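Here is a short note for a colleague who is meeting this structure for the first time. Please keep the model open while reading the points below.

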Amino acid sequence: MSSKELLAEYSSDLPELQALTERFDQSDYVSRFLRKRHKAPSAVITKVFTTSRGNRYLGLLFYYRSGYGKNKGWDWSSYHIGLMNSFKGMCAIAFFDKSNHALKFSPHFFKRYKERFSDLADWQTRNELMRARTLSDVIAVYMKRNLSITWIETKSVFFNKVHIFGPVNDGVALLQWDKKAKVLQANTFVTEDMLNEKQKEMVKYARIYISLPKAQRKKFQFPDFLLNDTD
């Protein structure tokens, strides 16, 4: 499926998905979960939802403390990641409405994430990864920590597939944009210690870009030497 088709599928599911998420937010499970974390400034809950059309989504519910004293409570927001089975295993799909793209993560991506990031992660994240029994558990750990991604389109092309360098919180997602099929896919994950010097410069400039106000980002240009083949 192309990015356009995946986004159309998500848009069709969205009203029901939002209703399912709001119902879950009002459940006893969420109340107990937040009660146990009453001293924490924030909390994250993950939950898999299935729509009436049979599509599955990983819901990420982000809770933030708000108010003071007796008025102290929780504000929350949510994000949904598509879950799609393939002959290679479970894929994840992140939806970006503003850029009109859907980013598909291959099963291989999450296997490499668990393998490569476990040794570098803090003890809590490492414990979550080691306890993950299924690929969807690993997807949940990754998505909680890496929802933001900066896309750097390089000049490297292989069989109509443009190589894209995607710095995230825990490392770098290596993507390909298939111009013919119009599919954007994250194939594998690497940690920063695996990068060469030019790739480390790309991460540096990506962090500068993401720190800028949105108005200034439109004027920002990556140096040409970074956009050539990243090998």
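1. Helix H6 (residues 197–211) lies across E6, strand E7 (161–168) and E8, and runs at about 65 degrees to E7. Helices (H or I, at least four residues) and strands (E, at least two) are DSSP runs numbered from the N terminus, while angles, from 0 to 180 degrees, are taken between N-to-C directions, with axes fitted to C-alpha atoms, for helices over the stretch in contact.

2. This is a predicted model, in which local features need pLDDT of at least 70 and side-chain atom pairs count only at pLDDT 80 or more, whereas totals for chains, interfaces and linings use all residues. Residues are numbered from 1 along each chain as its sequence is written, and side-chain values use heavy atoms, with hydrogens and water left out.

3. The open sheet has 9 strands in the order E1-E2-E3-E4-E5-E9-E8-E7-E6, with mixed pairing, where two strands pair if DSSP finds at least two bridges between them. At its edges, strand E1 (42–50) and strand E6 (152–158) each pair on one side only, and the twist from one strand to the next averages 30 degrees.

4. Strand E8 (residues 171–178) and strand E9 (residues 183–190) run antiparallel and are joined by 7 bridges; in one of these strands, E9, Thr188 is the bridge partner of Leu174.

5. Helix H3 (residues 107–117) packs against helix H5 (residues 135–145) at an angle of about 70 degrees, and their axes are 10 Å apart. H3 is therefore roughly perpendicular to H5, a term that covers 65 to 115 degrees. Their contact (heavy atoms within 4.5 Å) involves residues including Phe110 and Phe117 of H3 and Ile139 and Tyr142 of H5.

Definitions and conventions. Parallel < 35°, antiparallel > 145°, perpendicular 65-115°, else oblique.
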